[in-house]
Structure formats: structure tokens, C-alpha cells
Amino acid sequence: MIHLINVTKTYSELKALDDVSFEIQPKEMVFIVGPSGAGKSTVMRLLYREERPTSGQVFVSNVDVSRLSHSQTPILRRRMGIVFQDFKLLPNKTAFENIAYPLFAIGMDQNEINKRVHGALKVVSLTNKANDFPKNLSGGEQQRVGIARAIVQGPSLLLADEPTGNLDPITSMEIFQLLDRINQRGTTVLVATHNQQVVDQMKKRVISLSNGKVASDEKIGTYTTQV
Amino acid sequence: MRKIRMTYRMLYETFLDIWRSGWSNLVVISILTSVLSIFGLVLQVSFGLNLIGEKLNDQLEFSVYLADSVDVKNFAVNLGKQPYIKRVEVIDKDVAWSEFRKNFVVGEDFQNPLPNTVHVQVARSDYLQSTIMFVRKMSGVIDINYAPGVLGFINKLKALLQIVGTIITVLLASVTIVITANTIQLVIHTRQSEIEVLRLMGVEDWYIKGPLVLQGIFYAFLAATLAIIPLYALQTFLWETAQNLIGNVLPTGLSGNYSSNIYRIYYILLIFGIVVSGTGCFWSTKKYLKI
């Protein structure tokens, strides 16, 4: 599903990633951990082609995304879901409208949009909050709306960049369990986080980055032993 | 079907953007309307002067008097081959003398003093001066007679008007481009989060940029329509006044040409408006919209 081969990313003088290689199989759930500045978000940005590597190759579903043209990028992004630390919800739209917005903009039929959005709301257990605006939702609920928006197009890959960075520990656990449920439904999930407690409890594969390099990669790892 | 839905939804987004722009719309539309009104006025007067010039056919004619040694028919044929000459008519000196004698009593022994004459009509008023200069240099030409008065004045007025009008239009158009660009920048800033969500969720560029471009076209359409109203009213007023005052001496066929001119002016204003506001939109999206 994902394959990074000798990827280096340099910003001016700063090396964010240094010869990073790893592979993630379909339907896996993987955590990328590391301290701030370790290169976690850079990996994510390379995967959804917000950035191009300075050298090396980044494959998603056998496509070298670093070679994708600007006009081909939307096609790649429609095949993956992205969850952000700051949720990126539009304040003037309800939960339903936020989830429906990307579908609306790609020209999907309204009946299909309704069906998909209700389905996504059901997955994140927010059917009763469909008509609420973000300001009336808790942080955890807002992130669940963000996750619903990310999965509404039925992606085979879900990227979550620090999804619990703005949430308390209990809510964070709920969010990770939700991501785990989505993974169990067959979606590959890659989570960049520095939430130690949750990573330790999830017992999933953990790739640890340190100073832009892969420090360790364990099938069932913990944050504590990695960093 | 999907493209139709997306186009409809893009129009909806455009409407929302215009709504969000609030008072900025008014500023852009008023300035663009002023620019187009001035530009339209220049066009209108310029077209009007052209029309009058073209209708004053006799002003486009001049007479060439030739020496007896010149073969007048050959001269006329050669002249008629020039592309900017519309008509050449030969007046033979004997025919002219005979006509003259029909109207005036002249003694039998009086010698014919008239020269062979060629009446020349040029296709457009712009060609008159250069043609006269060209003909004057031809051999056997004794003299040329023409009435440059009204036409010369019209041409000078038209040139002056075009220079002044162009300077004002360019200045105001530049201001409009800057203001349109600022308005679009404001829209981009307001929609920043939406644009980011759309592009990260895989929405195509044209759907994101489309509403901003359509907003520019909307400004142009509205401003051109608003600008044509006073121009139409002015044209109607001037035409009716001219009919009342000098209707009997106005060249025939002016009315129809005047009506078609207003449509021509509207189309030109619309295109000019789209170019001006489109430049503003393009500049702004290029500079501020990062997709």
C-alpha cells in the first residue's frame, strides 16, 4: 500500500527526512512516532503529495506520488482520507455539510451524498449531531466529524496527522479506537502521533523516527520502548 | 451529468462569494462602470464621427484638373486601380463646355477654357489626404480642388478624443485591476479554510478557481450593462435633438447605423470589462491562491 524508498527531504539547510525507507501492507494500522521535528508530519505530507521528496521514491498503491503532476494530485487525494490535528472543519457549515462538502465539490449526486454522509456519521457515532455546527460540538466530536469527512469517499488509505494533539487523554483513546474500528473494516491506517499512552495500549506496528531517520520499526511496538 | 452538477454548484459557490464580498462588490462595480462609461463614450463619439464622415460623401471627393496633353481615360484607369479609391469619373472638357454653354450665353468664337477633369472619391475619410498628395505628384495634374474643412476638423477631433480617452481609460482600467485583485484577495482570504479542505480532499483546481474567475465575469457583465444605459440615453437624446434641429440636412441612413452602434459598443464594453476584471482576478489568484 505504502512504500518509501530512500526518501530524503531537505528544507533549505534542514534535513527533515534522511534516507527513510519502510513499507506498509494493505489493511495494516501503523503508528509513526517521534518527538517534535522528527519528521512525522513530513512523511504524511509526502504521502498526500503536499510535498515532493528531495530524493528517493514515495509509492502509494504502486503509484510514485512524487512524480504525479499537479493535475493528477486530486485523483490521488480522493483515494485517501486525511485527518488533521486542527480538524479543519468549516465553522459556517453543520457536521453534515462539512462531511458532504468534498462530495458536493466533486459533483456527486445528492442522494448518493446523503447516503454516504449518513453512513459516515453512523461509523463515527454522530448521527444525532448531524445538524450541529462545529462550535456546538466538543473537541472529540469535532475530530470524529473530521474522520467522517476523511472516510466518506471510501478511501483505502487513511492518514491521520496528530489526530489527538488537541484532545484530552480519554477522548484521544476514543479517537484511536475509532481509527482501529475503521482499520478493522479494511482500511489501511497510518497515524502520526506522539501520544505515548495510547500507542502503548494499542499494540500495533510502530515506526519510530528520530532526527529524520527510522530509529526502529517493530510489528507490535510501544512508544516507550521506541523513543 | 456530473459536469453539469459541478457547473451548477460552481455557480452557487460564485453567488456565495459575491454575497460574502459585500461592499467590496459595490466599489469594484462602480469603478468598473465608470471606466466602461468613459471608454464607451469615447467609442460612441468616435463611431459617430466616423459615421458622419462616411455619410458626407461629397467631402470624400476631390476634382483633378489635367493638362490637355494627358490622356484622360488612361489617367482615370490608372487611378481607379488604387485600392483606396472608390470611384473615378471622367468629365471631358468638351462635354463640360457644351453643358456650360447650354446654361450660359457664350460667343461662338470663344475658346473652351475648361481643362479635362477627373472626379475622384476615396473609400474612407482617412485616405483623403494621402490620396490627394499621391495624385498631386502624378504628371499632367494642373490643380486639385477639394473641401477639407469639415472632414479635417472631424479627423482632428477624433484623434484628440482618442488620445485623451485612451489615457483616461488606461488609468482607470489600472485602478480597476488593482481593486478587483484586492477584492478577489479578500475572497481568497475569507475562503482560505474552505480552499484548503477542498484541495486536500481531492477537488479539482478548476472548481476551486472557477468561482473567482466567474466573479470577475459577473463584475464585467454588470458594469457593462450599467454603463450602456447612460450611453444609450445620451445617444437617444442627441439623435432626437439633432432630428429636431437639423433633421432636414442630416445624411440619410444615419438612424439605422446609430442603433447598430450601441450593440457594437455594448459587446466591446463587455469584452473590455472581462479583460480588465479578468486581469485583476488572474493576478490575485496567481499571487494569493496556493493550490
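## A pocket in the model

A pocket here is an open set of grid points with protein on both sides within 12 Å along at least five of seven lines. Keep that in mind as we look at this structure, which is a predicted model. Its second largest pocket has a volume of about 260 Å³.

Which residues lie nearest the centre of this pocket? They are Lys93(A), Glu97(A), Tyr101(A), Phe104(A) and Tyr12(B), out of 13 residues that line the second largest pocket. Sorted by class, the lining holds seven nonpolar, two polar and four charged residues.

Now look at the helices around the pocket. At least two lining residues each come from α3 (95-105) and α4 (110-123) of chain A and from α1 (2-21) of chain B. The biggest contributor is α3(A), which gives five residues to the lining.

## Where the two chains meet

Let's move on to the interface. Here 22 residues of chain B are in contact with 24 residues of chain A. The area buried between the two chains is about 2100 Å², and carbon and sulfur atoms give 54% of this. On the chain B side, Arg9(B), Leu200(B) and Met201(B) lose the most area to chain A, together accounting for 34% of what that side buries.

Polar contacts are part of the picture too: 11 residue pairs make them between chain B and chain A, counting pairs with both residues at pLDDT 80 or more. Three helices of chain B, namely α1, α7 (192-200) and α8 (205-246), each supply at least two residues of the side that touches chain A. By class, that side of chain B has nine nonpolar, two polar and 11 charged residues.

## Charged pairs

Side chains of opposite charge can pair when their charged atoms come close. How many salt bridges cross the interface of chain B and chain A? The rule finds four. You can look for the salt bridge between the side chains of Arg199(B) and Glu50(A), at 2.5 Å from N to O.

Over all chains, the structure holds 23 salt bridges. Another pair to find is Lys40(A) with Glu162(A), whose side chains meet at 3.7 Å, N to O.

Note on methods: Residues numbered from 1 in each chain as written. Chains lettered and ligands numbered in written order. Predicted model: local features only at pLDDT ≥ 70, side-chain atom pairs only at ≥ 80, totals over all residues. Heavy atoms only, no water. 1 Å grid on protein atoms, 1.4 Å probe; cavity = no way out; pocket = protein on both sides within 12 Å on 5 of 7 lines; lining within 4 Å. Points joined across faces, edges and corners; volume = space filled by probe spheres on them. Helix = DSSP H or I, 4+ residues; strand = E, 2+ residues; numbered from the N terminus. Nonpolar A, V, L, I, M, F, W, Y, C, P; charged D, E, K, R; others polar. Contact = heavy atoms within 4.5 Å. Buried area = accessible area lost by both parts, 1.4 Å probe. Polar contact = N/O pair within 3.5 Å; in protein donor to acceptor, adjacent residues only side chain to side chain.
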